[in-house]
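Me: I would like to learn how to read a helical complex, one feature at a time. Where do we begin?

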Amino acid sequence: MWIYEKRLQYPVRVDTTNPTLAAMIIEQFGGADGELSAGIRYLTQRWTMPTNQAKAVLTDIGTEELAHWEIIGTLAWKLVKDATVDQIKGTPFEAHYVNHGKSPFPHNAAGAPWMATYLNSKGDPIADLHEDMAAEEKARATYEWLINISDDPGVTDTLRFLRQREINHFQRFGEALRIVQEEQDRKKYY
Amino acid sequence: MDKDFISKEQKKLLKEIMEANFVLVETNLYLDSHPTDEGALRLHNTYSQRYKELLSLYEAKYGLLRYTGMSGCPWSYINEPWPWEINFDVI
């Protein structure tokens with residue numbers, strides 16, 4: 001069960017129309033290490049988690065990722081909503097525009113559509129939690145590349161918030177992994 | 001530059017809700033892996049109360065943020081602004 005709350009998690013600000021930046025931000029909307037992959041990955045791995053702590057961490061981080069996906073879609077939308085066709089022509093957003101207009105779509109910055117092969121659910125909690133920790137670090141790195149190319153102070157502010165969340169999630173997954181490992185070690189001896 | 005769907009006061013209250021809820025996002029995740037941390041639980045409970053108060057104040061004044069609330073006629077959940085329509089550049 002989920003309950004929607006009709007607001008963003010973070011107060012998003014976009015300073016200027018910028019279709020090129022929108023086309024790059026889309027990486028985190030439908031790319032391999034983006035927010036959609038993260039949300040679906042964690043929520044899908046819950047069924048085979050052995051401890052309550054790990055079930056809770058996957059549920060709540062997975063849910064937060066969907067809120068981040070909404071933030072990324074909002075950034076992409078705000079960057080293009082006032083753009084004229086002339087402002088779009090000749091930018092990397094042009095290829096997106098001829099298929100989707102100004103709607104966000106889950107593909108990566110290079111236009112490859114989102115795929116479930118970006119994630120896995122092994123039915124093995126140790127393998128899954130290691131994947132999750134790696135995923136958080138890969139998302140952090142993606143945010144850093146995006147911050148490097150962003151020339152919009154408002155967008156950069158939101159990207160910095162999202163980057164910080166990846167660090168926090170990495171920490172929580174590490175704790176969940178330790179708890180699961182302790183649980184498994186305990187079972188060996190009794 | 002944009003059509004602003006909400007007043008300064010509404011935006012200010014919404015931001016207070018966002019802040020209180022973000023504390024809860026953090027305490028929730030932390031407590032998931034540290035369920036016996038009493039300091040974190042106290043922080044969580046304090047902000048839980050604050051968040052509930054702010055949410056009911058906002059919903060009574062400006063319309064529902066969640067479908068679970070009570071609404072007059074017409075159904076206020078559909079009121080503007082939707083999340084992607086708010087400009088936080090002017091607060």
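Reply: We begin with handedness. A crossing is left-handed if the near helix is turned anticlockwise from the far one by less than a right angle, and right-handed if clockwise. Keep in mind that this is a predicted model.

Me: In which hand does helix 1 of chain B pass helix 2 of chain B?

Reply: The crossing of helix 1 of chain B with helix 2 of chain B is left-handed.

Me: What else describes a helix pair?

Reply: Two packed helices are described by the angle between their axes and the distance between the axes. In chain B, the axes of helix 1 (residues 8–33) and helix 2 cross at roughly 150 degrees and come within 9 Å. Angles over 145 degrees count as roughly antiparallel. Helix 1 of chain B is therefore roughly antiparallel to helix 2 of chain B.

Me: Which classes of residue make up the contact of helix 1 of chain B with helix 2 of chain B?

Reply: That contact has 18 nonpolar residues, five polar and two charged.

Me: Now chain A. How many helices and strands are there in chain A?

Reply: Chain A has eight helices and zero strands. Along the sequence the pattern reads α-α-α-α-α-α-α-α. Its C-alpha atoms fill a box of roughly 70 × 30 × 30 Å along the principal axes.

Me: What percentage of the residues of chain A count as buried?

Reply: Chain A has 190 residues, and 43% of them count as buried. Sequence separation is another thing to read. Take the contacts in chain A between residues at least 6 apart in sequence: 78% join residues at least 24 apart.

Me: At what angle do helix 3 and helix 7 of chain A pack?

Reply: Helix 3 (residues 35–44) and helix 7 (residues 125–149) of chain A pack at about 165 degrees, with axes 11 Å apart. Helix 3 of chain A and helix 7 of chain A are therefore roughly antiparallel. Helix 3 of chain A passes helix 7 of chain A in a left-handed crossing.

Me: Which residues of helix 3 of chain A meet helix 7 of chain A?

Reply: Helix 3 of chain A brings Ala38(A), Arg41(A) and Tyr42(A). Helix 7 of chain A brings Asp132(A), Ala135(A) and Ala139(A). By class, the contact of these two helices holds four nonpolar residues, no polar and two charged.

Me: How do I read an interface?

Reply: The size of an interface is often given as the accessible area lost when the parts come together. Here we count residues in contact: 23 of chain A with 16 of chain B. Helix 4 (52–80) and helix 8 (153–189) of chain A each supply at least two residues of the side of chain A that touches chain B. Helix 4 of chain A gives the most to that side, with nine residues. The residues of that side of chain A divide into ten nonpolar, three polar and ten charged.

Me: Where are the cis peptide bonds that involve Pro74(B) and Pro81(B)?

Reply: One runs from Cys73(B) to Pro74(B), with omega near 0 degrees. Another joins Glu80(B) and Pro81(B), with omega about 5 degrees. Pro74(B) lies in the segment after helix 2 (38–62) of chain B. Pro81(B) is in the segment after helix 2 of chain B too.

Me: What ipTM does the predictor give the complex?

Reply: The complex has an ipTM of 0.94 and a pTM of 0.96. Chain B averages a pLDDT of 93, and 93% of its residues score at least 70.

Note on methods:
Residues numbered from 1 in each chain as written. Chains lettered and ligands numbered in written order. Predicted model: local features only at pLDDT ≥ 70, side-chain atom pairs only at ≥ 80, totals over all residues. Contact = placed C-beta atoms within 7 Å. Helix = DSSP H or I, 4+ residues; strand = E, 2+ residues; numbered from the N terminus. Nonpolar A, V, L, I, M, F, W, Y, C, P; charged D, E, K, R; others polar. Axes fitted to C-alpha atoms, helices over the stretch in contact; angles between N-to-C directions. Parallel < 35°, antiparallel > 145°, perpendicular 65-115°, else oblique. pLDDT = per-residue confidence, 0-100. Buried ≥ 20, exposed ≤ 12 C-beta atoms within 10 Å, placed from the backbone.
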